[in-house]
Amino acid sequence: MHSTIFVQGQFQHAGSSTLYAAVAELSPQGMLHIRCTDNNTQLAQACPPDYRFGSAVPGLAVELRLRDGAVFVPSDSHYRWPRLSKRSALAERLESHKLSVVAALLLSPLLLWWIMVDLMPMLASAAVPLVPDSVKQQMGRQTFYSLQKTTLEPTELPAEQQAMVRYHWQMALNQLSLEQRQYQLHLFKSDFFGANAFALPDGTVVITDQLVSLLKDQPDAILAVLLHEIGHVEGQHSVRLIAQSLGATLVIGIVFGNPEGVADLLLGSGAVLLQNAFSRDMEREADQFAIAKLAALGKSPQAFADAMSALLASHGDDGEQSSALLKYLSTHPDTRERIEQATAN
Amino acid sequence: MENNQQTMAQPRVDKVAFSGKAGEFFGIWIVNLLLSIVTLGIYSAWAKVRTNQYFYGHTRIDNQPFRYLANPIQILKGRIIAVIIFALFFALSSLSPQAALLLALPFMLLSPWLIVQSMKFNLRMTSYRNVRFAFHGEYLGALKYFVLLPVLAVFTLYLAMPWALKKMDQYLVSNISFGGKTLQINTDTSSYYIAALVAFASIMGLAIVIGIAVAIIGFIGAVMVGDGIDSTAGRGAIAALISVVMFALYFVGFALSGAIYQCMIRNHLFERTELPGVAKFKSEMQVIPYAWLILSNLLAIIVTVGLAYPWTKIRKAAYLAGVTTVAVYPAIDSLVDEVQQDSNAFGEEAAGLFDVDVSLA
């Protein structure tokens, strides 16, 4: 800067709404004088440590603030001060340059995708061992208690079928040298769940009467189902799912900022879709666990396919329909995909 | 300036002007989005400040813009606190529903403090003509209006809810001051009841439409199946169709009832609020255009997988500015900020730990 610059604008004293049409005069040494345009009286003067420039935002004038709270705003909203800080100028240049906008447009979705699909699950897996066992016990106990109160009824299976299921359960635990103490099998009748089985984080595994009846002629298929549920417990899927959902919710919340009412709804459904995607990944993991352990027990992976086929047949028509839309709304992978995976091994 | 030539006590009446441009804001948004992602969320505080600066700076009353004064570090601090609270609450409620229930009470007692804190912070960071806004509400008031009244309203089967909402708005507005003058508000309970009733009636009307639509689809489905089209495929397609239609109607209902309530309440609120001797307000929102704005914004966001977000935000701001008129009295030219007492306007001195807006957004 070799010469003094003059900038037209308006001036306001600290905390005062009175406006003065004014000229700011900035000397090469950075001395600032602000004069009233009407009568040329001096309104303010300051040396560099006592004034600062505001942020440069596209389409807006950059204000000049004095330490005491007075403000000078150039009339020309495109005017940029020569002594503007580099960082402030850089942010504006990035925001208004075509190249950086296009780059951001391409990179943002890719990075976001990577964070959700790779980074989040990785961090969640790393966080899971930090959750103490007592918490998992507590989680399992509480869920089990509320399920028992609401949707589970005592089993009505004949004694020999119960014994058959328990025999396979015991065999799986023994041969896979899993801790007996941790795992507990329960049989329940449940109209709510129908033919189903589920696992809780503390090692509680529940299989319904309906599922046992469905598979009563295929004991290996029951074994496959039990192994799948053990896979959920071994993989600590409940806790991981919570950690991943929390991470995803935080990322969406922070990155997208204030979702005003409507966007709120949208982000809400986005989070549900994402959680379902996480859930499908974990089902696949448990499937793989079951298939691998079947082999280790000297059984055919076909047993898993049999279990899935039987479920598919029992659920009937609605289970057979898997349009692209429904696929993303589901918490489980497509059943036929799961069968194919088992038979491919 | 030309203001001096105005005759005394004659207001300058004009619409609020909004000059933000969708293309310009798109660049700001997407670049800030990338920077926020790359910095694992840290830059999002800067992004918020720049976004607010953009919207405040492009909103003008009487040809003077608003200014957003917050420092990104304050925003960052508030966000870190919010993330910790949120993560703890989320983790606890997922791990143990009972613990979450126990936590609900302290959280309910904490929330009025958060509301007051947020109002104070955001208004203090808003400046117009170099004068800051201020919020004078205190914890007990917020506890009364935001916790006690709504809880009591539940016991009246929500019949007292519109009245509680009126009280909340009154509490918020009457505690806002600008240049030493406090906003005066004089809203009617009946207007809140009418707004709530009309919004509710619109939802009921829509529910009837949904019922008819589902019946028709079901009928068509039955006919199709009867025609011998592959029955499973037919039923599956109909189930999918019904869920899509329900989803769409849910959005329409949400947009419509929300638009009705917001239009009626905003119009009434602006009509009955004034800054004595300084400004009067008028809002002329209309239900159909606003409902269409909300709905088409939502559609645009869905269709563009979020990329239309900047455009929708600009569009909404432009609409709200366009339906708002402010009458400014000459007293505006000589207001003095009574809030600004600190000698250093750069805010370099360490702000208190809780001089922040504890908010994720």
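Predicted model: local features only at pLDDT ≥ 70, side-chain atom pairs only at ≥ 80, totals over all residues.

To get my bearings: what percentage of the 361 residues in chain B is buried?

Mentor: Your bearings come first. In chain B, buried residues account for 31% of the 361 residues, and in chain A they account for 34% of 345. Chain A is built with 12 helices and 11 strands, while chain B has 10 helices and 12 strands. If you take the contacts between residues at least 6 apart in sequence, 59% of those in chain A join residues at least 24 apart; the corresponding figure in chain B is 70%.

Now to S11(A). This strand belongs to an open sheet of 4 strands in chain A, and reading across the sheet the order is S8-S9-S11-S10, with mixed pairing. Strand S8 (153–154) and strand S10 (197–199) of chain A are the edge strands; each has a single partner, so one side of each is left without a neighbour in the sheet. As background, strands in a sheet pair through backbone hydrogen bonds, and they can do so in a parallel or an antiparallel way.

S11(A) shows you both ways. On one flank is strand S9 (residues 184–189) of chain A, which runs parallel to S11(A) and is joined to it by 5 bridges. To find this pairing on your screen, look for Gln184(A), whose bridge partner in S11(A) is Thr204(A). On the other flank, S10(A) pairs with S11(A) in the antiparallel sense, over 3 bridges. Two pairs of residues mark that side: Phe198(A) has Val206(A) as its bridge partner, and Ala199(A) stands opposite Val205(A). S10(A) and S11(A) form a hairpin with 4 residues between the strands, and there Gly203(A) takes a positive phi near 100°.

With 5 of its 5 residues buried, S11(A) is largely enclosed by the rest of the structure. The cut-off behind that reasoning is 20 or more other C-beta atoms within 10 Å of a residue's own.

What lies across the strand? Helix H6 (residues 219–234) of chain A lies across S10 and S11 of chain A, and runs at about 25° to S10(A). H6(A) also meets another helix: its axis and that of helix H4 (residues 159–175) of chain A come within 10 Å and cross at roughly 50°. The two helices are therefore oblique to each other, and H4(A) passes H6(A) in a right-handed crossing. H4(A) brings Met164(A), Val165(A), His168(A), Trp169(A) and Ala172(A) to this contact, and H6(A) brings Pro219(A), Ile222(A), Leu223(A), Leu226(A), Leu227(A) and Ile230(A).

Helix H2 (residues 98–127) of chain A and helix H1 (residues 22–38) of chain B have axes that come within 8 Å and cross at roughly 40°. H2(A) and H1(B) are therefore oblique too, but their crossing is left-handed. Among the residues that meet there are Leu105(A), Ser108(A) and Leu112(A) from H2(A), and Gly27(B), Ile30(B) and Leu34(B) from H1(B). An unreviewed UniProt entry lists residues 99–116 of chain A as a transmembrane region. In the model that stretch is 100% helix and 0% strand, with its end C-alpha atoms 26 Å apart.

One more residue in H2(A) is worth a click: Val117(A). From Val117(A) to Ser238(A) is 121 residues in sequence, and their C-alpha atoms are 18 Å apart in space.

Definitions and conventions. Residues numbered from 1 in each chain as written. Chains lettered and ligands numbered in written order. UniProt positions renumbered as here; feature names shortened; annotations may be inferred. Pairing = 2+ DSSP bridges. Contact = placed C-beta atoms within 7 Å. Axes fitted to C-alpha atoms, helices over the stretch in contact; angles between N-to-C directions. Buried ≥ 20, exposed ≤ 12 C-beta atoms within 10 Å, placed from the backbone. Parallel < 35°, antiparallel > 145°, perpendicular 65-115°, else oblique. Left-handed = near helix turned anticlockwise from the far one by under 90°.
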